[in-house]
Amino acid sequence: MSLRSFKINVPATSANIGPGFDVVGLSLSLHLTLTVSYPLIPPSQPYVHPTISYSGEGSDEVPLDPYKNLTTRVALYVLRCHNIRSFPSHLVIHVDNEIPFGRGLGSSGAAVIAGVLLGDTIGKLRLPTARLLDFALMVERHPDNVTAALVGGFVGSYLKELDEQASEAASVPLSEVLPEYPPDADEDWGLNPPVPPFGIGHYVRFPCSKSIKAIAIIPRFELSTAKAREVLPTEYSRKDLVFNLQRLAVLTTALGQSPPDPELIYEAMKDRVHQPYRKSLIPGLPEVTSSITPSSHPGLLGICLSGAGPTILALAIDGFEAIAEDARKIFQSFDISIDWKVLEVAGGSVVQEENQN
Ligand SMILES: Nc1ncnc2c1ncn2[C@@H]1O[C@H](COP(=O)(O)OP(=O)(O)OP(=O)(O)O)[C@@H](O)[C@H]1O
Ligand SMILES: N[C@@H](CCO)C(=O)O
């Protein structure tokens with residue numbers, strides 16, 4: 001019997017990089033990998049639902065029911081928007097995940113991008129990058145993690161101001177985009193999902209010096225993005241907005257300079273829009289970001305909260321261990337244990353067909 005098989009590889013991401021709240025993301029060398037296969041059998045044979053196995057980060061909590069798992073639900077959403085009712089019969093998916101859940105390293109963004117690529121590949125849709133992004137943005141409503149996970153590198157994106165009709169279509173509740181699959185659902189469940197409008201998100205890749213590495217200092221507790229967004233104000237002073245805009249403008253070029261300038265970057269990675277409000281959820285955050293500086297730690301370029309936290313991201317060209325171990329000591333004084341990893345800036349997502357016989 002002939003078999004189709006392929007792999008999908010999606011990187012972790014760190015969003016915000018200090019001042020770029022909901023705007024910039026950096027892809028990192030931890031990956032979510034899907035190994036997918038199914039036999040090419042005639043539709044007359046009895047249908048067998050997909051099976052998922054899972055190893056690595058999150059394996060004790062992730063749902064393995066394909067109608068509840070985030071990645072497969074997103075894939076089914078993409079397929080059904082293209083009039084493909086169901087997964088192929090006997091679909092087998094193995095997920096291996098290196099991205100810890102709820103730590104600010106873009107685990108949910110990676111799961112969503114993996115789902116969009118899974119739907120696109122199974123359906124042989126060959127959607128262009130911009131359209132893949134539209135689908136991802138119907139699920140994850142801010143572009144920073146998903147764009148960087150899809151295209152890779154140091155990326156900035158914005159959501160376009162859509163006309164009224166498209167704007168309504170893009171803001172339907174998530175429960176309509178990805179409805180919970182009822183256990184007794186008949187075959188017609190969720191067959192007409194809301195199709196994304198075109199051109200929701202737009203992006204540009206900034207230069208990033210090859211000498212830069214990212215130290216992820218990962219506290220051993222989870223913080224959901226939803227909880228870390230609840231503490232943010234809805235309005236900001238002009239002074240704080242200008243503070244962030246000035247730094248973001250400099251940062252987008254400064255990381256590409258060779259050699260990177262630590263004095264410029266350290267200041268350009270400061271933030272007044274989200275980090276100050278999140279310190280109540282992450283004990284030790286202000287102490288770590290203010291005590292570890294380019295003068296105290298040669299090689300450091302800048303340091304910030306990674307995404308919604310609790311991970312701290314230090315960009316550096318040298319001195320990785322001293323940076324991470326000193327952050328560990330500060331966190332320890334707040335009774336928080338950490339793990340740390342030195343990561344590369346990664347490329348974007350890759351789909352690799354293995355067998356199409
Ligand atoms: N590989 C995966 N498969 C299925 N669900 C996942 C997967 N990865 C993450 N999730 C879901 O996403 C949740 C974490 O998302 P959340 O947005 O809170 O944090 P994050 O994406 O890790 O961090 P951030 O958005 O700040 O970078 C997990 O608890 C889980 O429900
Ligand atoms: N920009 C988002 C990233 C997390 O998904 C935040 O900081 O809330």
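Which residues does the UniProt annotation "domain: GHMP kinase N-terminal" cover? I looked this up first: the unreviewed entry gives residues 69-153, with positions in the numbering used here, feature names shortened, and annotations that may be inferred rather than shown by experiment.

**Ground rules.** I am working with a predicted model, where local features need pLDDT of at least 70, side-chain atom pairs count only at pLDDT 80 or more, and totals for chains, interfaces and linings use all residues. Residues are numbered from 1 along each chain as its sequence is written, while chains are lettered from A and ligands numbered from 1 in the order in which they are written.

**The annotated span.** I checked the ends of residues 69-153 and found their C-alpha atoms 27 Å apart. The span is 55% helix and 7% strand, where helices (H or I, at least four residues) and strands (E, at least two) are DSSP runs numbered from the N terminus.

**Ligand 1.** I counted 23 residues around ligand 1, and S107, S108, T225, G307 and A308 come nearest; "around" asks for a C-beta atom, placed from the backbone, within 6 Å. The elements giving two or more residues to this shell are α1 (70-80) and α2 (107-122). α2 has the largest share, four residues. By class I noted eight nonpolar, 14 polar and one charged. Here Ala, Val, Leu, Ile, Met, Phe, Trp, Tyr, Cys and Pro count as nonpolar, Asp, Glu, Lys and Arg as charged, and the others, Gly among them, as polar.

**Ligand 2.** I found 13 residues around ligand 2, with A15, D22, T225, G307 and A308 nearest. α4 (143-151) and α7 (225-230) each supply at least two residues of the shell, and α7 has the largest share, three residues. The classes are four nonpolar, six polar and three charged.

**Helix α2.** Of its 16 residues, 15 are buried, that is, with 20 or more other C-beta atoms within 10 Å of their own; 12 or fewer would be exposed, in between partly exposed, and C-beta atoms are placed from the backbone. Just after α2, K124 takes a positive phi of about 50°.

**The core.** I then looked at the largest nonpolar core, which has 90 residues; I113, A114, A136, A314 and A327 have the most contacts inside it. Such a core is a set of buried Ala, Val, Leu, Ile, Met, Phe, Trp, Tyr and Cys residues joined through C-beta atoms within 7 Å. α2 gives the most to this core, with nine residues. Beyond four places in sequence, A136 is in contact (backbone-placed C-beta atoms within 7 Å) with V112, I113, V116, V146 and L150.

**E140 and α4.** Is E140 buried or exposed? E140 counts as buried because it has 22 C-beta neighbours inside 10 Å. I located E140 in the loop between α3 and α4. Beyond four places in sequence, E140 touches S108, G109, V112, N145 and V146. V112 is 28 residues away in sequence from E140, yet 7.4 Å away, C-alpha to C-alpha.

In α4 I found nine of nine residues buried. Their cover includes β1 (3-15), β2 (24-39), α2, α3 (129-139), β5 (154-159) and β6 (201-206). Just after α4, G152 takes a positive phi of about 80°.

Definitions and conventions:
Contact = placed C-beta atoms within 7 Å.
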